[in-house]
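Here is a short briefing to read alongside the model. Please keep the sequence and the 3D view open as you go.

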Amino acid sequence: DYQAIKTNDRFHQLISDLQKFDPATLKSDRERMAFWINVYNIAAVKMVLDNLPLKSIRDAGSTFSPVWKKQAIMIGKSAYSLGRIEHEILRKMGDARIHFAIVCASVSCPDLRPEAYNSERLDLQLDDQSKMFLLNSMKGFQLGNDKKSVYVSSIFKWFKKDFGGVDGIRQFVFRYTSKNLNGLSVKFLHYNWNLNGK
């Protein structure tokens with residue numbers, strides 16, 4: 001509910017608090033991962049709020065200046081884009097499950113979790129997000145009608161390397177759905193970039 005968040009004092013206080021926070025004070029990899037996942041999701045919401053009305057978050061950018069490269073949020077004294085957080089920080093941590101925790105404000109994105117990520121419960125939260133996403137046949141995974149193929153989110157296509165290629169995708173899907181994809185052709189679902197708002 002972007003309109004409600006736009007007038008929510010707690011959200012604006014959160015943005016203000018992040019401007020004063022030093023990420024160097026985070027001690028563990030788990031703390032850093034949880035923090036930057038939360039920051040990405042907050043920054044994506046802020047990007048939408050700063051550019052309403054929008055049909056898609058991509059409308060906040062242009063061909064020559066994509067939204068992913070635009071300044072989205074200040075953390076401490078540094079400016080961060082969504083792309084910088086995703087590609088230069090989170091992906092370098094080497095855990096493909098982050099792709100089901102960060103939400104780019106679009107219909108085909110994973111659902112936004114109704115709680116913050118935290119270091120103590122991070123593995124459980126990431127496993128839960130991955131499972132929920134794959135069990136959603138409109139977003140994550142569905143069997144083809146021909147019984148010879150399966151369809152998975154385009155997230156797997158864009159970040160195939162993070163999952164270890166097609167075989168890695170098969171193993172990832174099996175881990176969270178118990179569906180054996182061996183011998184099946186892996187295809188990709190259409191990605192709906194429309195805003196995930198009310």
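Predicted model: local features only at pLDDT ≥ 70, side-chain atom pairs only at ≥ 80, totals over all residues.

Residues are numbered from 1 along each chain as its sequence is written, and side-chain values use heavy atoms, with hydrogens and water left out.

**Helix H8**

- Helices (H or I, at least four residues) and strands (E, at least two) are DSSP runs, numbered from the N terminus.
- Helix H8 covers residues 165–177, and its end C-alpha atoms are 18 Å apart, which agrees with the 18 Å that its 13 residues should span at 1.5 Å a residue. The expected span is 1.5 Å times one less than the number of residues in the helix.
- Which residues of H8 are buried? They are Gly165, Gly168, Ile169, Arg170, Phe172, Val173, Tyr176 and Thr177. Here buried means under 20% relative accessible area, exposed means over 50%, and partly exposed is in between (1.4 Å probe, protein chains only).
- The packing partners of these buried residues are helix H5 (122–134), strand E3 (141–143), strand E4 (149–152), helix H6 (154–158), helix H7 (160–163) and strand E5 (185–188).

**Arg170, a buried arginine in H8**

- Arg170 lies in helix H8 and is buried, as its relative accessible area is 17%.
- Apart from neighbours within four places in sequence, Arg170 is in contact with Leu181, Asn182, Leu184 and Val186. Contact means heavy atoms within 4.5 Å.
- For Leu181, the backbone oxygen lies 3.3 Å from a polar atom of the Arg170 side chain. A polar contact is a pair of N or O atoms within 3.5 Å; within protein, one must be able to donate a hydrogen and the other to accept it, and residues adjacent in sequence count only if both atoms are side-chain atoms.
- Arg170 also forms a salt bridge with Asp167, with the closest N and O atoms 3.2 Å apart. Both residues sit in H8, three residues apart, about one turn of the helix.

**Cysteines**

- How many disulfides does a search of the whole structure find? The search finds zero, a disulfide being a pair of cysteine sulfur atoms within 2.5 Å.
- Cys104 is buried at 9% relative accessible area, and Cys109 is buried at 1%.

**Salt bridges**

- The structure holds 13 salt bridges. Each is a side-chain nitrogen of Lys or Arg within 4 Å of a carboxyl oxygen of Asp or Glu.
- Asp95 and Arg97 form one of them, with the closest N and O atoms 2.8 Å apart. Asp95 is buried at 14% relative accessible area, and Arg97 is buried at 7%.
- Glu115 and Arg121 meet in another, at 3.2 Å from N to O. Glu115 is partly exposed at 33%, and Arg121 is partly exposed at 35%.
- A network of salt bridges links Arg30, Asp95, Arg97, Asp123, Asp127 and Arg175.

**Aromatic pairs**

- Rings of Phe, Tyr and Trp (its six-membered ring) pair if their centres lie within 6.5 Å; planes under 30 degrees apart count as stacked, over 60 as edge-to-face and the rest as tilted. The count comes to 15 aromatic pairs.
- Phe100 and Phe156 form a tilted pair, as their ring centres are 5.5 Å apart and their planes at 45°. This pair links distant parts of the chain, 56 residues apart: Phe100 is in the loop between helix H4 (82–90) and H5, and Phe156 is in helix H6. Both Phe100 and Phe156 are buried.
- Trp158 and Trp193 are stacked, with ring centres 5.7 Å apart and planes at 25°. Trp158 lies in helix H6 and Trp193 in the segment after E5, so this pair ties together parts that are 35 residues apart in sequence.
- Trp158 is partly exposed at 39% relative accessible area, whereas Trp193 is buried at 18%.
- One aromatic cluster is formed by Phe100, Phe133, Phe156, Phe163, Phe172 and Tyr176.

**Leu189**

- Leu189 is found in the segment after E5 and counts as buried at 13% relative accessibility.
- The C-alpha atoms of Leu189 and Phe141 are separated by 8.2 Å, although the two are 48 residues apart along the chain.
- Leaving aside neighbours within four places in sequence, the contacts of Leu189 include Met138, Phe141, Tyr151 and Val152.
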